[in-house]
Amino acid sequence: MRHMGGVASGTVLDRIIKRTAEDLRERKRQTPRSELLERIARQPAPVDFERNLRRDRLAVIAEIKRASPSKGRFPVEIDPATVAQDYIGGGAAAISCLTDGPFFEGSLADLEAVVKRARATDPAVGVLRKDFTVDTYQIDEARAWGASCILLIVAALEDGLLRELFGYARHLGIDSLVEVHDEMELDRAVALGATLVGINNRNLKTLDVDLAATETLASLAPSDMTLVSESGISSVKDVERMADAGVDAILVGESLIVSSNRAEAVRALAGVPRRYRADA
């Protein structure tokens with residue numbers, strides 16, 4: 001398995017990628033690729049995920065997850081379809097659904113339920129399959145279960161594999177949210193030709209979160225790149241700060257999933273006007 005483009009050994013990401021590769025081998029044995037391709041053939045055309053993030057107000061990608069490596073299991077029980085409906089009712093532009101099992105307690109069944117409810121509630125809302133993509137098989141899975149976007153983490157992929165995965169997703173007609181953590185990774189995303197880029201505010205080594213990561217990298221990104229700020233956003237003040245940095249969207253998980261009124265929580269974050277940044 002080719003991966004880990006420059007990330008120090010021993011990080012949480014290292015452990016997740018190793019486990020992902022192990023689980024992937026088992027899934028390939030259980031479900032041949034031919035079955036995925038048959039399922040893909042029955043899927044409707046994917047939603048234009050990136051285009052729906054371009055709004056007058058900062059777009060909210062609302063995330064569905066049960067746990068995280070930094071916080072453990074959240075103190076709530078969730079039904080993914082119900083949560084998706086709440087998020088859409090609150091004005092979410094898109095849904096992110098964790099499908100990693102060992103670290104986030106997600107599944108492809110969750111993705112299927114979210115996609116089905118999104119299509120019934122608002123067909124314009126795209127669904128991101130949030131997982132640790134290291135193989136084109138996972139992109140087939142995402143498309144087969146109805147996702148319109150996948151996550152590609154630059155830190156986890158060397159350039160050749162990153163290009164392969166990015167190109168294959170495009171071949172299947174789905175978008176890639178290309179995630180970066182620092183300036184070197186942003187340069188790699190630009191060289192890749194990525195137009196939808198996520199800036200993760202979480203330090204991979206310490207798991208600490210600092211919104212200044214978005215402020216720094218957004219100032220260096222091309223003005224025509226659709227930017228998503230990820231991690232550590234929980235208040236309107238945080239959203240306003242990210243809007244001032246010039247991003248187009250925010251991805252919010254924990255603060256929404258633990259909210260007693262998820263629709264209202266999304267609505268509160270979705271009202272901040274988008275700013276526009278100049279070319280770096």
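E105 is partly exposed, because its relative accessible area of 33% falls between the limits for buried (under 20%) and exposed (over 50%), as found with a 1.4 Å probe and protein chains only. This is a predicted model, in which local features need pLDDT of at least 70 and side-chain atom pairs count only at pLDDT 80 or more, while totals for chains, interfaces and linings use all residues. Residues are numbered from 1 along each chain as its sequence is written, and side-chain values use heavy atoms, with hydrogens and water left out. E105 sits in the loop between β4 (94-98) and α4 (108-121), where helices (H or I, at least four residues) and strands (E, at least two) are DSSP runs numbered from the N terminus. Although E105 is not a glycine, its phi is positive, at about 60 degrees.

S231 also is not a glycine and has a positive phi, of about 80 degrees. S231 belongs to the loop between β9 (226-230) and α9 (236-245), and it counts as buried because its relative accessibility is 18%. Although S231 and D210 are 21 residues apart along the chain, their C-alpha atoms are separated by 8.6 Å. D210 is itself a loop residue, placed between β8 (196-200) and α8 (212-218), and at 44% relative accessibility it counts as partly exposed. When neighbours within four places in sequence are left aside, D210 is in contact (heavy atoms within 4.5 Å) with N201 and R241.

The helix packing can be followed through α5. The axes of helix α1 (residues 12-30) and helix α5 (residues 136-144) come within 11 Å and cross at roughly 65 degrees; such axes are lines fitted to C-alpha atoms, for helices over the stretch in contact, and the angles run from 0 to 180 degrees between N-to-C directions. Helices α1 and α5 are therefore roughly perpendicular to each other, given that angles of 65 to 115 degrees count as roughly perpendicular, under 35 as roughly parallel, over 145 as roughly antiparallel and the rest as oblique. From α1, the residues T20, L24, R27 and K28 make the contact with Y137, Q138 and E141 of α5, and by class this contact has two nonpolar, two polar and three charged residues. Here Ala, Val, Leu, Ile, Met, Phe, Trp, Tyr, Cys and Pro count as nonpolar, Asp, Glu, Lys and Arg as charged, and the others, Gly among them, as polar.

Helix α5 also packs against α6: their axes come within 10 Å and cross at roughly 25 degrees, and the two helices are therefore roughly parallel to each other. In this pairing, T136, I139, D140 and R143 of α5 meet E164, L165, Y168, A169 and L172 of α6, a contact with five nonpolar, one polar and three charged residues.

Beyond its neighbours within four places in sequence, I95 is in contact with residues including F49, I61, Y87, V114 and L128.
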